[in-house]
Amino acid sequence: MDAMQAFFQPACDEHSLADLTIRFYVDPRLPNRPLWPRPHFRALDHLYYASYGPGDSLLVDQLDRRVIGSFTGATARDLAYWKRVILPVLAGIASASVGVTPLHCACLVKNGRGLLLSGESGAGKSTLALSLALNGFSFLSDDCTYLSRSASELRCWGLPTPVKLLPDAVRYFPRLLGFDPGVSLNGELSFEVDPTETFGVSRSLSCVPRWLVFLQRRAGTGANFERINASEAAVRLTADLELLPACLARQREYELGSIDALSRQKAWIFRHDLSPSAAAKVLEEFCGSPEAAEYSDGDPVFTVPAVQVPFADPIKRFTPTPFTGTVELNADAKIHIETNSETLGEQLRSILPLLDGCVAYRGEFVLRVVVESEDHLASDSHLSSLEFNHDGLAYSLAGRRTFLAWDRQNRRGVGFVAPNVIDDPRLLRQLFRPALTGMFSVQDQI
C-alpha cells in the first residue's frame with residue numbers, strides 16, 4: 001500500500017466506481033528467495049501473466065479490469081522494486097483496459113504544456129529528456145508516457161520511475177560517475193537514477209500535449225525540422241503499440257482514437273547530429289518561438305515513409321493453436337481444447353474423464369494451452385503447485401514459466417507448459433488435474 005500511494009496520485013473521489021480492481025496476497029508460507037534477474041511475461045486471449053521470482057507473480061484480466069497476485073514477504077517489503085519494476089509493468093499491462101494509451105515517448109513540460117519526443121531505441125530520448133529538464137523544462141517521462149482522452153481534452157501522464165541512461169551517458173552527465181550501472185528490465189546495462197534526487201530537476205505528473213516531435217539522429221544534418229501530416233504521425237505512434245487480440249478489439253479502437261486525436265496537432269521530425277545539450281537548446285528555442293512566424297500553416301507538409309517495425313511477439317500471445325477438440329464433461333458441460341501440440345491435446349482428453357463427479361459447471365469452457373519448446377520443467381521439486389483464486393479468476397503455477405490461468409466468468413482458460421510435462425503422464429496429471437478441478441468448481445480458494 002505504501003508503494004501504491006507513493007507511485008500513483010490519490011483518487012479525487014474515493015467513492016466512485018473503480019476502473020481497476022487489484023487484490024494482492026502476501027503468503028507467509030512462502031520462503032523468501034531472491035527475485036529473478038529478469039521477470040517473465042506470457043499472455044493468451046485476455047489473460048496476462050507475470051512472474052518476478054519464486055512465489056512472486058500476478059495475473060491481469062484485461063477484459064474485466066481485474067488483477068490478482070501472490071508475493072513473498074521479502075518482495076512485499078521491497079519498496080524500490082515495486083516502484084521500479086512491478087508497478088510500471090502493471091500500469092503498462094492494464095493501461096488499455098482503463099482507457100489510457102501508452103506512448104513510447106519522452107515527455108517534458110513547459111508552462112503546463114507538453115513536449116512529446118518519440119523515436120526508436122537509440123534515438124536519444126532519455127539523454128535529451130534529461131538535458132531539457134536541466135534547461136528549464138519539467139521532467140514527466142523519458143520513455144513511456146500515458147495519454148488519456150476525455151470529451152474536453154487530451155492529457156499526458158507520467159509515473160515517478162527512474163530515468164534510464166546507457167553507460168555512455170557519463171560523457172554528458174559526469175554526475176553518473178558516482179553510480180554503478182545495472183541490468184534493466186529489458187536486459188540492457190544502464191544507469192537507473194531518480195532525476196530529481198540525482199540532478200535536482202523538477203518533475204511533473206501530467207500536462208496537456210502541445211508539441212509532437214519525432215527524433216532522428218543523422219550525421220551531417222546539423223539540426224532541422226520538417227512538418228509531417230497527421231496520418232504519418234499516427235502511423236509512427238501506432239507502430240509502438242502492443243498488439244491486442246480480437247477479444248480486446250474495443251480497447252484497441254479506443255487507443256487508436258486517442259492517437260488520432262493527438263496526431264491532429266502539428267507534428268515534426270527533428271533531424272540532428274548534436275550533443276544532447278545542444279539539441280536541448282534547439283528544442284527550447286523551437287518551443288518558445290512563435291510558430292506562425294517560422295512554421296506557418298503555409299509551410300510544406302512532408303510525407304516521410306515511416307519505419308516498418310517487424311512483427312514481434314515476445315510474450316507469445318499470438319502463438320497459433322491449430323490442434324482442437326471438444327470433450328463432454330457431463331450432460332451439461334463440455335470443454336473445447338486448443339493447443340499447438342497434438343500430443344498435449346490427446347493427453348488432456350485422457351485426463352478429463354478423471355474429473356467425473358468433480359464438475360459443478362454448465363456450458364462450454366474454452367482452454368488454450370501452448371507448449372514452449374525452450375522451456376523445461378526439470379523435476380517434481382519444481383512442481384510445487386501454487387494456486388491463487390479470487391472470484392473465479394485464478395492461476396496455478398509450477399516453476400518460473402509453467403502456469404495455467406482461468407477466468408470462470410468468461411469461461412476461458414489459458415496456459416503455457418514445459419515440453420517434458422506432456423511426455424510424462426504422471427507430471428501431466430499432477431499439474432493439470434488440480435487446475436482443471438479449480439476451473440470447474442464453484443469454490444474460491446487461496
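Modeller: A word on terms to start: helices are DSSP runs of H or I with at least four residues, strands are E runs of at least two, and both are numbered from the N terminus. The model we are looking at is predicted.

Colleague: Thanks! How many helices and strands does the secondary structure of the chain come to?
Modeller: The chain has 446 residues, and 50% of them count as buried. Its accessible surface is about 20600 Å², with 52% belonging to carbon and sulfur atoms. As for secondary structure, the totals are 12 helices and 24 strands.

Colleague: Among contacts between residues at least 6 apart in sequence, what share joins residues at least 24 apart?
Modeller: A contact here means heavy atoms within 4.5 Å. Of the contacts in the chain between residues at least 6 apart, the share joining residues at least 24 apart is 70%.

Colleague: Which residues of helix H6 are buried?
Modeller: H6 spans residues 230–238. Its buried residues are covered by elements including E7, E8, E15, strand E16 (223–228), helix H7 (249–263) and E17. The buried residues themselves are Glu232, Ala233, Ala234, Arg236 and Leu237.

Colleague: Where does helix H3 bend?
Modeller: Helix H3 covers residues 79–94, and its bend is about 35 degrees. Buried residues of H3 include Trp82, Val85, Leu87 and Leu90. Proline 88 follows the bend within four residues, and the bend itself is at isoleucine 86.

Colleague: Is leucine 176 buried or exposed?
Modeller: Leucine 176 sits in the loop between E12 and strand E13 (182–183). Leaving out residues up to four places away in sequence, Leu176 touches Leu165, Ala169, Val170, Phe191, Val193 and Phe199. The cut-off for burial is under 20% relative accessible area; leucine 176 has 0% relative accessibility, so this residue counts as buried.

Colleague: And how far apart in space are leucine 176 and leucine 165?
Modeller: In sequence, leucine 176 and leucine 165 are 11 residues apart. From C-alpha to C-alpha, their separation in space is 9.2 Å.

Colleague: What is the phi of aspartate 45?
Modeller: Most residues other than glycine have a negative phi. Aspartate 45, in the loop between strand E2 (40–44) and strand E3 (47–53), counts as buried at 10% relative accessibility. Although aspartate 45 is not a glycine, its phi is positive, at about 55 degrees.

Colleague: Last one: which residues make the nonpolar surface patch of about 300 Å²?
Modeller: One of its members, phenylalanine 311, is in the loop between helix H9 (291–294) and strand E18 (323–328). With a relative accessible area of 58%, Phe311 is exposed. The patch is made by Leu243, Phe311 and Phe318.

Terms used
Residues numbered from 1 in each chain as written. Predicted model: local features only at pLDDT ≥ 70, side-chain atom pairs only at ≥ 80, totals over all residues. Heavy atoms only, no water. Patch = residues over 30% accessible without salt bridge, like charges linked within 9 Å, V, L, I, M, F, W, Y side chains within 5 Å. Areas by Shrake-Rupley, 256 points an atom, 1.4 Å probe, with all protein chains shown as cover. Salt bridge = Lys/Arg side-chain N within 4 Å of Asp/Glu carboxyl O. Buried < 20%, exposed > 50% of the residue type's maximum accessible area, 1.4 Å probe, protein only. Bend = angle between axes of the 7 residues up to and from the residue.
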